[in-house]
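Here is a friendly walk through a structure, meant to be read with the sequence and the 3D view side by side. Take a look at both before reading on.

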Amino acid sequence: MGRFLDLTLAGLTSGAVYSAVALALVLIWRSTRIVNFAQGGMLMITTFIAYTIVSHGGSYWLALIVAVLSGLVLGAVVERVLVRPVEKRSPLDAVVVTFGLLVLLQGVAGMLFGGTPRSYPPAFGIAGFKVGDRQLLFAPNDLWIVLVVLAVMVVLALVFRKTNLGLRMRASAFAPEVARLLGVRVGRMLTVGWALAAAVGAIAGVLVAPSTFVSPTAFDAVLVFGFTAAVIGGLDSPPGAVVGGLALGIVLSYVAGYLGSDIVTLASLVVLIGVLMLRPQGLFGSTKGRRV
Amino acid sequence: MTALAAAAPVRFWQRSTLVRHLTLSVLGLIVLYFVTTSLDSFANLQFAQICYTAIATAGLTVLSGLSGQISLGHGAFVAVGAYTTALLLEHLDWPLVLVLLGSVVIGGALGSLVGVAAARLRGPYLAGATLALAVGLPSLADYHGLRDLLGGANGLIVTSDPPPLSLGESFPLERWQAWICGLCLVVTLFLLANLTRSRIGRDMRLVREDEQAAALSGVHVARTQIVTFGISAAFAGLAGGLFAIVNSLAAPGAFTLSLSLSLLTAAVLGGLGSLAGAVYGAVIVTLLPNWTADLAQQADLPRAIYANIPLVLYGLVLIVVIIAFPGGIQSGVRKLGALLKARFVRPLQTRQETRR
C-alpha cells in the first residue's frame, strides 16, 4: 500500500510536467492544426540556456525567467520563419519541417554542449516529506512542480477567457477568415500562440531537468509523453491536456514501479494506440476535432 | 520510314512495364558487378551500407510518397529485422536466403500490426505514434525479461558465413557483402517498381489523394493502408537483416531516433514517392557522415562539433527541401531530362516530320 501511494505521488509529479508539455502542443494545435514535433528540441534549448546561467553561478529564478523569455522569442521566430510557409500545405509537410527542426536543434546543442548529460539543480529540497514515521516519495520540489503547472494552467485560462488578446487568439484559431474580416491580425495572433506555447514548454523543461538531466536527447521521451498526454486529453482541449498528463504520469509510474523502468516509453505507445483506437478524439476532444 | 523503324522498339519498350523493369534490373546487376570489382574493401563496405539504406528508404518512400502515410519510426522495423537475423543465425543456423526472408516476414508482420493502428490514424497522429515506436522499441532489448535473449545494451554479435569457396580463397568479404546487399537492392527496386504500377499502386495513390473518393470508387481504404505499411516495413526488415550481417552487430545503440531520421531525410531529399530518389537520398545520407568526418579531420575540429554535423545537415535538409524544393533531387533530375529532351530530341523529331 505504501509503495502504491509512493508510485502514485511520483506519477503525479512527472505527470504534471507531461501536462505542461501537452499544454504547449495543444496551444499550437488549436491555432495552426500542427503538432509541433520540435517541442522537445525547443524546450531542450531553453533548458540549456537556463543551465548555462545556473552553472555560471546565476540563481535558479534568474535561469527560469531567462528560459521563459528565450522560449517566447524562439517560439515566435520558429512560427514566422519555418511554420508560415507550410501552414496551408499538407500535414505531412508540417510534420517533416518540425521534425527537421527537432534534429537541427539537437545537432546544434550537441555542438555547443557535447553529449554528456549535465545535472540541473532543483528549486527546493528533494528529500521526501515526512508523515509520522514514514518518508513519502514526494518532496518540496515535487510540490513546486505541481503548483507551477497548476498556476500556468490558471494563467493561460485567464488570458484566453478574460483578456482581449485571448479573445482575438481564439477567434483566429476557430474562424481565421471571419476574424480577419473583423480586423484581427490573424498572422500575429498565430505568432503569439507559438511564443506562448514555447514559453510553457520552457517552464516544463526547467521543471523536469533535475530528474532527467540535461543533454541534447534527454527530452525525446518527454516529447513522446507530452504528445501521448495531449492525445489522451484530446488535442483540442487544454484541460484535457492537464488531465491526460496526470493520468499518463500515474500509469507510467505504475509501469515503471511494477514492471520495470526500461519499457516506460513502450508502455506510453501502448496507451497512445489504445486511446486512439477507442476514442480517436481523446477524452475531452470534440468530435469535430478530427476529420474522417 | 526510317523514323517508324526507329520508333518501334521504343514503343515495345514502353508498353511492357515488366520487360522494362527486368531490363533495368539486369543492367543494374551488370553495373553492380563492375562497380564492386573495381572498388577497394572500404568502398565496398560503404557500397553495401548504401544498398541497405536504399532498401529501407525505398520502402519508406512507397509508404509516404504513394499512400501518404508518414512514419517517423521506420528505424524500429530495421531494428526488428536486424534482431531477427541475429537470432536466426545464432540459434537456427539457417542459410542466408532463409534468414533474410525471415527478417522480411517478421518486419512485415510487425508493420502490418502497426498498419492496423495506422489505418485509423491520420497525419500527425500517425507521426506521433511511430515516433513513440522509434523511441520506445530499442529499450525492449534491455528489458529484464528479454535481456538474456537480446543481449541487453551490448546487443548481439552476428557471425555470417564467409564468401563461398568457389569464388576463390582470397575473395574479399566486403565485396561478397556488397554483392548480397546490391542483389537485394535490385530485387527490392524491381518488386517495388512493379508494385507501384500495379493495381495496388494505383489504389495507394487514390487513397493518398482523397480517401472518400477512393472509398466511393470501390477501393478498400483501410486494407490498402495496412498492406502498404506491411510491405514498407517488410523491406525495412530486409534492410535490418543486411545491416546486421554487414556490421556483424544488432544493438539498441544502432537503432536510435537518428536512424529513423536519416531514412526520412533520404526519402525527402531524393524526392518522396520516387524510387530513384530513394537511391540518391540513400547515397547522400550514407556518405555524408564519412565526408564530414574527413573534413573535420583535415580542419582539426573538436569531436563534439563534427559528430553533430550530420544531424544539423539532416535537419536543415528536411526543412529547406520541404519548404523550397518539395520534389527533392528526383524532380530536379526530371526537369533536367525534360529540358534536354526539349532542347535536343524534339527539334530532331520535328525535322524528321517536316522531311516526310
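## The nonpolar core

Please keep in mind that this is a predicted model. Its largest nonpolar core holds 185 residues. The members that touch the most others are F99(A), L101(A), Y120(A) and L207(A), together with L72(B) and L242(B). Helix α1 of chain A, residues 2-32, gives the largest share of this core, with 14 residues.

Apart from neighbours within four places in sequence, L207(A) is in contact with V17(A), Y60(A), W144(A), I145(A), V148(A) and V149(A).

## Where the two chains meet

On the chain B side, 46 residues are in contact with 45 residues of chain A. Between them the chains bury about 4100 Å², and carbon and sulfur atoms account for 79% of that area. The count of salt bridges between chain B and chain A is zero, and one residue pair is in polar contact across the interface, both residues being at pLDDT 80 or more.

Which elements of chain B give two or more residues to the side that touches chain A? They are α5 (96-118), α6 (123-136), α10 (211-216), α12 (257-270) and α14 (303-324). The largest share, 12 residues, comes from α14(B). By residue type, this side of chain B divides into 32 nonpolar, nine polar and five charged residues.

## Salt bridges

Over all chains, the count comes to five salt bridges. E79(A) takes part in two that can be described here: one with R80(A), where the closest N and O atoms are 4.0 Å apart, and one with R84(A), where they are 3.0 Å apart. What is the relative accessible area of E79(A)? The value is 0%, so E79(A) is buried. R80(A), at 43%, is partly exposed, and R84(A), at 30%, is partly exposed too.

Another pair sits in helix α7 of chain A, residues 176-181. There R180(A) forms a salt bridge with E177(A), with the closest N and O atoms 3.4 Å apart. R180(A) counts as partly exposed because its relative accessibility is 45%.

## Single residues to look up

L25(A) is part of helix α1 of chain A, and its relative accessible area of 2% makes it buried. Not counting residues up to four places away in sequence, L25(A) touches V35(A), N36(A), Q39(A), G226(A), F227(A) and A230(A). L25(A) and A38(A) are 13 residues apart in sequence, with their C-alpha atoms 9.9 Å apart in space.

In chain B, Q49(B) belongs to helix α3, residues 41-66. Q49(B) has 18% relative accessibility, so it counts as buried. Leaving out neighbours within four places in sequence, Q49(B) is in contact with N247(B) and T286(B).

Two loop residues of chain A deserve a glance at their backbone. R33(A), in the loop between α1 and α2 (39-55), has a positive phi near 55° although it is not a glycine. F213(A), in the loop between α8 (186-212) and α9 (220-233), has a positive phi near 70° and is likewise a residue other than glycine. R33(A) counts as partly exposed at 37% relative accessibility, and F213(A) counts as partly exposed at 40%.

Methods: Residues numbered from 1 in each chain as written. Chains lettered and ligands numbered in written order. Predicted model: local features only at pLDDT ≥ 70, side-chain atom pairs only at ≥ 80, totals over all residues. Heavy atoms only, no water. Core = buried A, V, L, I, M, F, W, Y, C linked by side-chain atoms within 4.5 Å. Buried < 20%, exposed > 50% of the residue type's maximum accessible area, 1.4 Å probe, protein only. Helix = DSSP H or I, 4+ residues; strand = E, 2+ residues; numbered from the N terminus. Contact = heavy atoms within 4.5 Å. Buried area = accessible area lost by both parts, 1.4 Å probe. Salt bridge = Lys/Arg side-chain N within 4 Å of Asp/Glu carboxyl O. Polar contact = N/O pair within 3.5 Å; in protein donor to acceptor, adjacent residues only side chain to side chain. Nonpolar A, V, L, I, M, F, W, Y, C, P; charged D, E, K, R; others polar.
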